[in-house]
Amino acid sequence: MPRRFLACAPTLLRTLGAVTIGVAASGCGGAGIEGTAVAAEGWGAPATSREQAPTRQPTPGAATDTARIAAGAAVDPETYHDAKETDSSPAAPTIGFHFTTPSGNIRCSTPKEPTVLLCEVADHTYPSAAKPADAKEPCQWFPDYAMLTDEGVGAGVCLPRPLVTRGSKVLPYGSSIRMGAFGCLSTEGGLLCANEVSGHGYQLSREALRTF
């Protein structure tokens, strides 16, 4: 797998005109997910409106979540570049960051420049995000992806192909990883991630998707 793997993600998204996500309400456990279209360039402005989407303020307690991540045992992020494009392909270096929780249930990836963090929860008990009616085709809907950007968080993403890799290195329980403005903490209760600039983030587990 070439080192440019995932580097072309923004280009692929621009060829579609828009990337679609389903936005999860703050603090929800997966229920009440609404669909909205988001511009590929900024990942934050609705493609269905000419008006700039208001930036949602982090919920109370976000500072505590960010502090928990910072207090974790830091790993060297440069050792988290190897990944597989498919289950059957060999692991190879990439220019993004990729990791898996010890249970193997949550996998996360970033593109070349970590401006977006995508995590996939393979097995969960909360409802998957429904594909929005205004999703622009061609659209491969990934209902179990959670997306984090400078603008906020979303559940469910429309992409040209899978962007969360397979076979990535395990982030041990109690360890944290820093990828640009993103930080994540692996715990036995799930994965906690935040954008350390905006304060937005999510906590992912088999039982719930909590956003802040």
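Q: Is Asp65 buried or exposed?
A: Asp65 counts as buried, at 7% relative accessibility. Buried means under 20% relative accessible area, exposed over 50%, and partly exposed in between (1.4 Å probe, protein chains only). Keep in mind that this is a predicted model, where local features need pLDDT of at least 70, side-chain atom pairs count only at pLDDT 80 or more, and totals for chains, interfaces and linings use all residues. Residues are numbered from 1 along each chain as its sequence is written, and side-chain values use heavy atoms, with hydrogens and water left out.

Q: What does the side chain of Asp65 meet in a salt bridge?
A: Arg210, at 3.1 Å from N to O. A salt bridge here is a side-chain nitrogen of Lys or Arg within 4 Å of a carboxyl oxygen of Asp or Glu.

Q: Which parts does that pair tie together?
A: Arg210 sits in strand 13 (residues 209–211) and Asp65 in helix 2 (residues 62–70), so the link joins parts 145 residues apart in sequence. Helices (H or I, at least four residues) and strands (E, at least two) are DSSP runs, numbered from the N terminus.

Q: And how exposed is Arg210?
A: Arg210 is partly exposed, with a relative accessible area of 27%.

Q: Switching topic: how many salt bridges are there in the whole structure?
A: The search finds four. One of them pairs Glu120 with Arg107, with the closest N and O atoms 2.9 Å apart.

Q: Are Glu120 and Arg107 buried or exposed?
A: Both Glu120 and Arg107 are buried.

Q: What about Arg206, which residue does its side chain meet?
A: Asp123, in a salt bridge at 2.6 Å, N to O. Arg206 is partly exposed at 33% relative accessible area, and Asp123 is partly exposed at 40%.
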